[in-house]
Amino acid sequence: MSGGQHELEAYPARIDPHALNPARQKPGMGLEGRFDEDAGVIRVGGDARQRYHDSRGYGYPLEGNEIALAPVEAAHLLYRGDLDAVVDASSGERLDFRSFAAREPGERFGVRFLVYADLRSRGFYLSPAAEPWIDVPPEGPTDFAVFPRGKGPGDGEIEHALRVISERTDVPAAGLQDCVLAVVDEESEITYFDVSQRDPTGSSNPDASLPDRCEADLLTDRVIVWEPPRDLYEATFYGQPLEGREYEEPTLQCSLLEATYLAERDAIDLEVETLRARGEAVEGERFGRRLTVYTELREREIVPKTGYKFGADFRTYADVESVENLGHSELLIRVHPADHVFEPRDLALDVRLAHGVRKTMVFALVDGGEIEWWSLERLTP
């Protein structure tokens with residue numbers, strides 16, 4: 001999993017269901033684990049340290065050659081046939097993979113096991129994101145630490161913090177964190193998302209100046225700007241010419257967001273409060289949040305334009321020199337309040353749409369005048 005072109009990229013993944021058949025599992029070469037349910041670990045003796053921990057990164061060392069396994073680690077060794085059985089310490093019952101998994105040992109065992117097994121099958125070493133498996137666990141609600149290829153839990157390096165949820169688990173915006181989010185759907189397919197905090201920047205005509213109180217008229221849900229300087233459209237990309245592409249001197253149609261931003265800077269001769277009131281009448285409370293994000297993007301020298309065609313609030317251009325030489329927009333931005341709660345299905349829809357048009361989906365979370373920026377991109381192991 002690397003930067004630039006991610007090694008975890010863009011398609012669902014699943015483990016081989018036929019391998020769950022106990023008849024297809026090879027014997028575990030004599031080792032059994034002892035399930036200490038109170039401690040939540042499975043203890044394995046013999047040469048377990050060399051066989052499982054030192055060579056393949058399972059569990060953490062205890063005294064001598066004994067190791068402790070998390071339930072998902074023990075289940076994976078049972079599933080592969082590398083461990084003969086897990087013995088219930090209280091009842092003495094010997095559990096094979098099927099009977100052990102049926103107990104669902106540990107919180108959200110089913111979805112966590114599917115993700116653990118999928119990444120193991122792809123050659124990744126990973127362990128529970130907690131002490132004593134690793135010395136310094138990732139912050140936040142994280143399930144696994146994924147190590148760089150060729151590294152293990154003893155090397156002190158974590159490639160990704162991994163969080164696992166089902167498609168029915170809502171994600172509060174306040175709980176977003178830098179991590180890989182693995183979503184397991186109802187058919188046990190897994191989709192991976194790279195979640196990271198964003199800091200959008202641009203360099204769109206930083207030296208361009210705005211005009212002084214151009215005449216303008218407020219219509220129902222837009223504004224007409226009369227006789228603006230050509231640069232207002234051609235250099236700084238405000239509005240759209242009423243005349244279309246063929247004009248000598250453009251008359252600009254501006255959105256209420258654009259018009260309010262321009263009025264706040266005395267670039268058009270309309271009252272700011274009148275425009276704000278109209279925006280709130282048309283859009284409700286969304287208008288204030290969207291204006292906050294629009295303003296911040298402009299101040300970061302990024303040009304925001306409507307993202308309606310892409311199902312977003314804005315599409316953005318980071319480096320506009322002129323409309324004539326306009327490149328493709330880079331980001332799609334959705335604006336939400338800071339207390340928004342995401343449904344994984346909506347996240348998947350937004351990210352797939354952005355990926356399909358070669359853009360990155362960014363969520364702007366607004367809390368008063370403060371904004372947090374989060375990007376989501378799809379990954380494949």
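Mentor: A polar contact is a pair of N or O atoms within 3.5 Å; within protein, one must be able to donate a hydrogen and the other to accept it. Please keep in mind that the model before us is predicted.

Trainee: What makes the side chains of Glu73 and Trp133 a polar contact?

Mentor: The two side chains are 2.9 Å apart at this contact, and the limit is 3.5 Å. The pair therefore meets the distance condition and is listed as a polar contact.

Trainee: Why is Glu73 said to have no salt bridge?

Mentor: A salt bridge requires a side-chain nitrogen of Lys or Arg within 4 Å of a carboxyl oxygen of Asp or Glu. For Glu73, the nearest side chain of opposite charge is that of Arg120, 5.2 Å away. Because the limit is 4 Å, this pair does not qualify, and Glu73 is buried without a salt bridge.

Trainee: Which residues does Glu73 touch, apart from those up to four places away in sequence?

Mentor: Among them are Gly57, Tyr58, Ser127, Pro128 and Trp133. Glu73 itself belongs to helix α2, which covers residues 71–80.

Trainee: Why is α2 called largely enclosed by the rest of the structure?

Mentor: Of its 10 residues, 9 are buried, so the helix is described as largely enclosed. The buried residues include Pro71, Glu73, His76 and Tyr79. Just after α2, Gly81 takes a positive phi of about 80°.

Trainee: How many aromatic pairs does the structure hold, and what makes the pair of Tyr60 and Trp133 edge-to-face?

Mentor: There are 15 aromatic pairs. The ring centres of Tyr60 and Trp133 lie 4.8 Å apart, with the planes at 85°. Centres must lie within 6.5 Å, and planes over 60 degrees apart count as edge-to-face; the pair is therefore edge-to-face. Tyr60 is in strand β3 and Trp133 in the loop between β7 and β8, so the pair ties together parts 73 residues apart in sequence.

Trainee: How do you know whether Tyr60 is buried or exposed?

Mentor: Its relative accessible area is 14%. Buried means under 20%, so Tyr60 is buried. By the cut-off of under 20%, Trp133, at 13%, is buried as well.

Trainee: What is the pair formed by Tyr79 and Phe97 called, and on what values?

Mentor: This pair is tilted, with 5.7 Å from centre to centre and 50° between the planes. Stacked requires planes under 30 degrees apart and edge-to-face over 60, and the rest are tilted. Tyr79 in helix α2 and Phe97 in helix α3 are 18 residues apart, so the pair links distant parts of the chain. Tyr79 counts as buried at 11% relative accessibility, and Phe97 is buried at 8%. Both residues belong to a cluster linked by ring pairs, together with Phe35, Phe100, Phe109 and Phe113.

Trainee: Which residues does the "active site" annotation cover?

Mentor: The unreviewed UniProt entry names Tyr317, His328 and Lys359. They are spread over 43 residues of sequence, yet they cluster in space, the largest C-alpha distance being 11.0 Å.

Notes. Residues are numbered from 1 along each chain as its sequence is written. This is a predicted model: local features need pLDDT of at least 70, side-chain atom pairs count only at pLDDT 80 or more; totals for chains, interfaces and linings use all residues. Side-chain values use heavy atoms; hydrogens and water are left out. UniProt positions are given in the numbering used here, feature names are shortened, and annotations may be inferred rather than shown by experiment. Helices (H or I, at least four residues) and strands (E, at least two) are DSSP runs, numbered from the N terminus. Buried means under 20% relative accessible area, exposed over 50%, partly exposed in between (1.4 Å probe, protein chains only). Lys and Arg count as positive and Asp and Glu as negative; His and the chain ends are not counted. Contact means heavy atoms within 4.5 Å. Rings of Phe, Tyr and Trp (its six-membered ring) pair if their centres lie within 6.5 Å; planes under 30 degrees apart count as stacked, over 60 as edge-to-face and the rest as tilted.
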